[in-house]
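Welcome! Please open your viewer, and let us walk through a few selections together.

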Amino acid sequence: DEPKGNTLEDSVAVCRLLEAEGVDAIHVSSGSFFPHPRNPAGELPIEELRKTYDTLISSGLLTKRNYLLFSGRLTSGYFQRQWDKGRGDIRHIEGMNLPDAHRIKQAVSIPVLCTGGFQTATVIEQALADGLCHGVTIARPLIANNDLVKAFAAGAARAEKPCTYCNKCLVNVVENPLGC
């Protein structure tokens with residue numbers, strides 16, 4: 001129920017201003033706060049989140065409110081339903097930001113990088129071949145498979161155990177080392 005953020009056209013205008021100021025590249029993502037159902041897209045591991053989020057309470061404007069929402073017996077179900085509604089179809093996480101990246105790429109002449117759960121060689125190759133962006137960035141799939149790039153180089157289309165977008169790596173990072 002947070003207020004709407006910038007529109008894509010707002011972002012295009014900002015990207016043009018950044019390009020005029022000499023920025024080297026644009027990195028396209030989505031979402032307006034963390035955690036946000038589109039950044040990172042995927043599941044909300046609410047039980048895992050309860051274990052670590054208390055560390056953040058003193059560091060944010062709405063963190064205490066958020067903690068109370070997802071840790072309460074009555075409110076956690078509501079919080080989970082709102083997350084699921086905001087996240088949309090989990091089957092289409094990979095490349096979810098490509099339409100926005102393409103729109104921004106059409107508006108600027110500097111490189112445009114796109115994030116969005118990339119972990120399939122053919123999806124990445126197609127995005128580049130279609131000119132939707134200049135390159136992709138990968139985070140969670142590299143946490144799940146730190147040799148993903150080597151697997152691609154060896155001809156694999158995807159890691160044997162692909163990232164499930166469960167987001168446990170992210171909700172645990174506050175108190176624990178980053179890992180899958």
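Here is a short tour, stop by stop.

Before you click, note that this is a predicted model, in which local features need pLDDT of at least 70, side-chain atom pairs count only at pLDDT 80 or more, and totals for chains, interfaces and linings use all residues. Residues are numbered from 1 along each chain as its sequence is written, and side-chain values use heavy atoms, with hydrogens and water left out.

**Stop 1: helix 3.** Select residues 63–71, which form helix 3 (helices are DSSP runs of H or I with at least four residues, numbered from the N terminus). Now colour T63, N66 and F70, the buried residues of this helix (buried means under 20% relative accessible area, exposed over 50%, with a 1.4 Å probe and protein chains only). These residues lie on the same side of helix 3 because they cover an arc of only 60° around the axis, taken from the directions from the helix axis to the C-beta atoms. Turn to the other side of helix 3, and you will find K64 and L68 exposed.

**Stop 2: T63.** Zoom in on T63 in helix 3, which is buried with a relative accessible area of 11%. Beyond its neighbours within four places in sequence, T63 is in contact with Y53, L56, I57 and S58 (contact means heavy atoms within 4.5 Å).

**Stop 3: Q80.** Move to Q80 in helix 4. Is Q80 buried or exposed? Its relative accessibility is 19%, so Q80 counts as buried. Leaving aside neighbours within four places in sequence, Q80 is in contact with L44 and I46. Finally, select P45: the C-alpha atoms of Q80 and P45 are separated by 9.0 Å, though 35 residues apart along the chain.

Definitions and conventions. Helix = DSSP H or I, 4+ residues; strand = E, 2+ residues; numbered from the N terminus.
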